[in-house]
Amino acid sequence: MLIAKGMPMSAVVFAAPGNRRRVPATTVVLHTLLIVGGLAMVFPFIWMILTSLKTLPQLLSEPLSLLPDPLTGENYPEALSAMPFGRAYLNSVYIAGLIIAGTLVTASMAGYAFARIPFRGSKALFIGFLATQMIPKQVTLVPFYLLMSRLGWVDSHLALIVPAMLANPFAVFLMRQFVLSLPKELDEAATCDGAGPVRTFFAVVLPNLRPGLSALAIIVALDTWNNFLFPLVLLNSTELFTVPLLLAGFEGQHGGVNYGLVMAASAVSTVPVLILFVIAQKRILNSMATSGLGGR
Amino acid sequence: MTASIPAPTARPAAPRELRGEPTWRRRRRRWGLAFVGPQVLGMTIFVALPFAGSMLLAFADWNGLTELSWVGFDNFRDQLTSPKFGRSILNTLLIALITVPIGLGLAVTIAVALEKLKVRTLYLLLFFAPVVTSQVAVATIWQQLFRADGIVSGWIARVLPIDPPNWLGDPRLALIAVCIVTVWASLGLNVVIFLAGLQNVPPTVVEAARIDGAGPLALFWRIRLPLLSPIMFFSSVIAFISSLQTFDLVFILTDGGPQDATRTIVLHIYDVGFGRFQFGLASAASIILLGITLVITAAQFGVQKYFVHYEED
């Protein structure tokens, strides 16, 4: 055996002659390519900011320059006063907060039951949950709208909050997987000590589910925050609009000539989320890496 | 929260097959049902019921105001022969067939490159930023980038001997523009997922292949790609399903135009259902969308055994 026990694998690689000089060269090439790719990815955001700082004459001049000259901030107060973005943020935050809280509770309860408490028909029920995941939400758009209008929930946040928090088969599936990954002895010990299912769940299982809960919270947050089609159909009053809905309305009204104004509105709608993403990047990227596929 | 959980008070006599079972276990089983209760109730009311509604409405003529009348398969006949719906299906399939392979291919390439580097957080942030941005904002930004008098067209006209292309106004270019934005917006998610998959490839396997004389290319094609293939397969299924549901991007970018060149199935459903209030026709189109989704997913599962490598252990 060439590899000594306990020796890190990388040490073996780097010890090979010839490899030592080649590694930095590929690294430089990789970095160069990735910087170009990365710039292509952020360019639209940078352009958005730069354009939002331009005056109308600059947008009409030929040829178009990338940098604003002179710099102006006047698009921002104008965009903010044209439409209630503060209100939209408030709406988006509280809708997402309620949906996250509700989903975490109901999905982890259901996931726990499906994983650990066998009851009659639980298997068939779980397969039913998996099957409904195959139905695209858009397929039920029309009857869902009719149901909401029957309930009197059209043009009300209830139509966005209640169904989202009570009907999320992916969340149930994800939480079941996380419960299954916990050692069985954990809740068996609690049961032996005389704790009922409710106490076992809240005192023993839930605290141990924390990584799963935070992953689910992130996925639900992204999904809810960016949801567009259902709010578009269900909400009519501007003061009820979520951020994407308000931005779409703004674009529809002001999208013509002065697109500096539209870019200011876009910046107002995206930059706070991007800052939040950078702050919580580690947690968000980890959650998406492990469970992000089902969220879409 | 716990309001919907009924407290177990008087227990009915146990069925015969349960006699002899300890009480605590029986009580536990009832709690199981109570625990899944909220989600089962929600799924029944907000998913199963509307789904049944879709199935029924697809055979009805109704605009919400007049009397509902049953029309058999007329809605399906109408939709399947409608040029607008045909165009929507074609556009949607084109978007899926163009963006899924390109998106996944780019994501694998980037993930492989990132895996070789020690410092990659910044790159991940750059690639993932569009994923945390709402599709509405993404489309709003790109709509202005793609203006005929905008910066992208200006650059192209300066480099190539052509007139500045009118991306969103030219029926031949609009779908390409939609595809570019779709790939840009979803790339980061697959990069992150593939990178995690590559990091799970056991280093011992890679080492063994390297000692056997495998070069970097062989390592990629013979070791990393096969080990990544189950994740790639799953990603392609999800990516296909979500591109069949394309709505937000085209609604903002082009609203389906010009001349229906970017009209997608969901945009068509929205237009027929909420623009013209033809609930029956919209439901029939929805059922057809479900059918297409199921057929394509089944086909993907059918061909996976030729491409996807599962480890036997």
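Of the 313 residues in chain B, 42% are buried (20 or more other C-beta atoms within 10 Å of the residue's own, with C-beta atoms placed from the backbone). The model is predicted, so local features need pLDDT of at least 70 and side-chain atom pairs count only at pLDDT 80 or more, whereas totals for chains, interfaces and linings use all residues. Residues are numbered from 1 along each chain as its sequence is written, with chains lettered from A in the order in which they are written.

Chain B holds twelve helices and two strands (DSSP runs of H or I with at least four residues, and of E with at least two, numbered from the N terminus). Along the sequence they are arranged as α-β-β-α-α-α-α-α-α-α-α-α-α-α. Chain B is more spread out than a compact globule, because its radius of gyration, 26 Å, is well over the 20 Å from the globule rule for 313 residues (taken over C-alpha atoms; the rule is 2.2 Å times the number of residues to the power 0.38). Along the principal axes, its C-alpha atoms fill a box of roughly 85 × 70 × 40 Å.

Turning to chain A, the axes of helix 9 (residues 169-180) and helix 12 (residues 210-226) come within 10 Å and cross at roughly 160° (lines fitted to C-alpha atoms over the stretch in contact, with angles from 0 to 180 degrees between N-to-C directions). Helix 9 of chain A is therefore roughly antiparallel to helix 12 of chain A (an angle over 145 degrees). Helix 9 of chain A contributes A:A171, A:L174, A:M175 and A:F178 to the contact, and helix 12 of chain A contributes A:G212, A:L216 and A:V220 (C-beta atoms within 7 Å, placed from the backbone).

Technical notes
Angles under 35 degrees count as roughly parallel, over 145 as roughly antiparallel, 65 to 115 as roughly perpendicular and the rest as oblique. Two residues are in contact if their C-beta atoms, placed from the backbone, lie within 7 Å. A residue is buried if 20 or more other C-beta atoms lie within 10 Å of its own, exposed if 12 or fewer, and partly exposed in between; C-beta atoms are placed from the backbone.
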